[in-house]
Amino acid sequence: MVVGFPRDELFLIAGPCVLEDDNLNLRVGEALARLADRVPGGVFYKASFDKANRSNASAHRGPGMDEGLEKLARVRSATGLRMLTDVHLPEQCAPVAEVVDVLQIPAFLCRQTDLLEAAGATGKAVNVKKGQWMAPEAMRGAVDKVQHARPEARGQGPEKAAADSRVTSSESLVAVTERGSFFGYGDLAVDMRSIGRMQRATGCPVVFDGTHSVQRPGLGEGGASGGAREFIPALTLAAIAAGADAIFLETHPDPDHAPSDGPNMLPLSDLEVLVRRAVAVREACRQ
């Protein structure tokens with residue numbers, strides 16, 4: 001069954017930056033499953049099988065596609081959560097779509113036509129992260145590439161079209177994610193106007209990435225990415241007040257010892273409080 005993104009209910013995309021051992025993956029997954037009932041639109045578990053865009057050649061990349069998909073399948077089986085992971089190459093899309101509910105296009109690849117079309121052609125939901133250099137309105141082109149490649153748009157196959165037809169009018173098969181814009185060298189800034197502008201330009205739910213928005217590319221130890229996780233709550237709540245449809249939060253039980261993106265990840269122990277506050281802000285702003 002094809003799973004879409006809720007249009008009218010706040011949803012959460014969360015999980016570790018990169019897949020680790022089953023104990024860690026499941027520890028985070030079980031915490032998210034316990035939280036799911038408190039999120040109106042539910043939770044998508046996010047973890048990457050390959051960090052293909054690391055700054056340093058020696059940086060940890062993850063278990064790879066085959067092993068990573070097996071790990072994601074075990075998290076799904078144990079928690080019942082919907083699964084989301086990144087794809088970096090067109091040929092990865094079809095096999096990844098056999099296991100996960102959502103294919104995610106990394107920000108650095110959001111204009112790669114072959115990748116966007118291959119993701120759309122799977123018939124699965126797709127989350128496209130906005131490039132750090134792009135205007136909000138420019139994401140319309142990325143969304144069009146995904147939509148025009150979908151099986152129903154090309155008249156390819158009644159089975160795919162029938163599956164997609166189960167996505168209701170209250171759901172979208174494409175979401176776009178705001179993750180900050182380059183501000184000089186090695187820092188990002190968030191323009192909250194971007195949320196409404198992307199909603200109007202794309203017609204899709206807009207996700208706010210509260211963790212990558214505080215990333216400081218190349219300013220961490222040894223040239224790795226740094227981050228300022230103390231700003232995650234303020235930016236996340238501001239984005240909800242600005243009208244974001246969802247939040248994206250990478251989280252880890254021990255971010256300081258995580259193999260990837262530790263400085264900009266939210267401690268797992270802080271996740272529930274922030275999500276509760278985000279739900280409350282969303283409800284207050286819609287009254």
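## Exercise 1: Arg 277 and its surroundings

Apart from neighbours within four places in sequence, Arg 277 is in contact with Pro 233 and Leu 237. The model examined here is a predicted one.

Task. Determine where Arg 277 is placed, and whether Arg 277 is buried, partly exposed or exposed.

Solution. Step one is the location: Arg 277 belongs to helix α10. Step two is the accessibility. The relative accessible area of Arg 277 is 44%. Buried means under 20% and exposed means over 50%, so Arg 277 is partly exposed. Step three is a distance: Arg 277 and Thr 236 are 41 residues apart along the chain, and their C-alpha atoms are separated by 9.6 Å.

## Exercise 2: Helices α9 and α10

Task. Describe how the axes of helix α9 and α10 are placed relative to each other, and state which residues meet.

Solution. Two packed helices are described by the angle between their axes and the distance between the axes. Step one gives both quantities: the axes of α9 (residues 232-241) and α10 come within 9 Å and cross at roughly 25 degrees. Step two classifies the angle. Angles under 35 degrees count as roughly parallel, and α9 and α10 are therefore roughly parallel to each other.

Step four lists the residues. On the α9 side are Ile 232, Pro 233, Thr 236, Leu 237, Ile 240 and Ala 241, and these meet Leu 274, Arg 277, Ala 278, Val 281, Arg 282 and Cys 285 in α10. Sorted by class, this contact of α9 with α10 holds 9 nonpolar, 1 polar and 2 charged residues.

## Exercise 3: Helices α1 and α10

Solution. Step three: the crossing of α1 and α10 is right-handed.

Step four: α1 contributes Arg 27, Val 28, Ala 31, Leu 32 and Leu 35 to the contact, while α10 contributes Leu 268, Leu 271, Glu 272 and Val 275. Step five: the residues of this contact of α1 with α10 comprise 7 nonpolar, no polar and 2 charged.

## Exercise 4: The nonpolar cores

Task. State how many residues the largest nonpolar core has, and which of them have the most contacts inside it.

Solution. In soluble globular proteins, nonpolar side chains tend to be buried together. Step one: the largest nonpolar core has 61 residues, and Leu 12, Leu 32, Tyr 45 and Val 128 have the most contacts inside it. Step two: α10 supplies the largest share of this core, with 6 residues. Step three: a second, separate core has 14 residues, among them Val 3, Phe 5, Phe 44 and Ala 175.

Step four turns to Val 128. Not counting residues up to four places away in sequence, Val 128 touches Ile 105, Cys 110, Leu 116, Met 139, Ala 142, Val 146, Ala 175, Val 176 and Thr 177.

## Exercise 5: Two buried residues

Task. Find where Val 126 and Cys 110 are placed, and decide whether each is buried or exposed.

Solution. Step one: Val 126 is in strand β6 (residues 125-129), and at 0% relative accessibility Val 126 counts as buried. Step two: beyond four places in sequence, the contacts of Val 126 include Phe 5, Val 102, Ala 119, Arg 150 and Leu 173.

Step three: Cys 110 lies in the loop between β5 (102-105) and α4 (113-121). Cys 110 is buried, with a relative accessible area of 0%. Step four: outside four places in sequence, the contacts of Cys 110 include Val 128, Lys 129, Trp 133 and Met 134.

## Exercise 6: A positive phi

Task. State the value of phi near which Asp 261 lies, and where Asp 261 is found.

Solution. Most residues other than glycine have a negative phi. Step one: phi of Asp 261 is near 60 degrees, a positive value in a residue other than glycine. Step two: Asp 261 is found in the loop between β14 (246-252) and β15 (266-267). Step three: Asp 261 has 6% relative accessibility and so counts as buried.

How values were computed. Residues are numbered from 1 along each chain as its sequence is written. This is a predicted model: local features need pLDDT of at least 70, side-chain atom pairs count only at pLDDT 80 or more; totals for chains, interfaces and linings use all residues. Side-chain values use heavy atoms; hydrogens and water are left out. A crossing is left-handed if the near helix is turned anticlockwise from the far one by less than a right angle, and right-handed if clockwise. Helices (H or I, at least four residues) and strands (E, at least two) are DSSP runs, numbered from the N terminus. Contact means heavy atoms within 4.5 Å. Ala, Val, Leu, Ile, Met, Phe, Trp, Tyr, Cys and Pro count as nonpolar, Asp, Glu, Lys and Arg as charged, and the others, Gly among them, as polar. A nonpolar core is a set of buried Ala, Val, Leu, Ile, Met, Phe, Trp, Tyr and Cys residues joined through side-chain atoms within 4.5 Å. Buried means under 20% relative accessible area, exposed over 50%, partly exposed in between (1.4 Å probe, protein chains only). Axes are lines fitted to C-alpha atoms, for helices over the stretch in contact, and angles run from 0 to 180 degrees between N-to-C directions. Angles under 35 degrees count as roughly parallel, over 145 as roughly antiparallel, 65 to 115 as roughly perpendicular and the rest as oblique.
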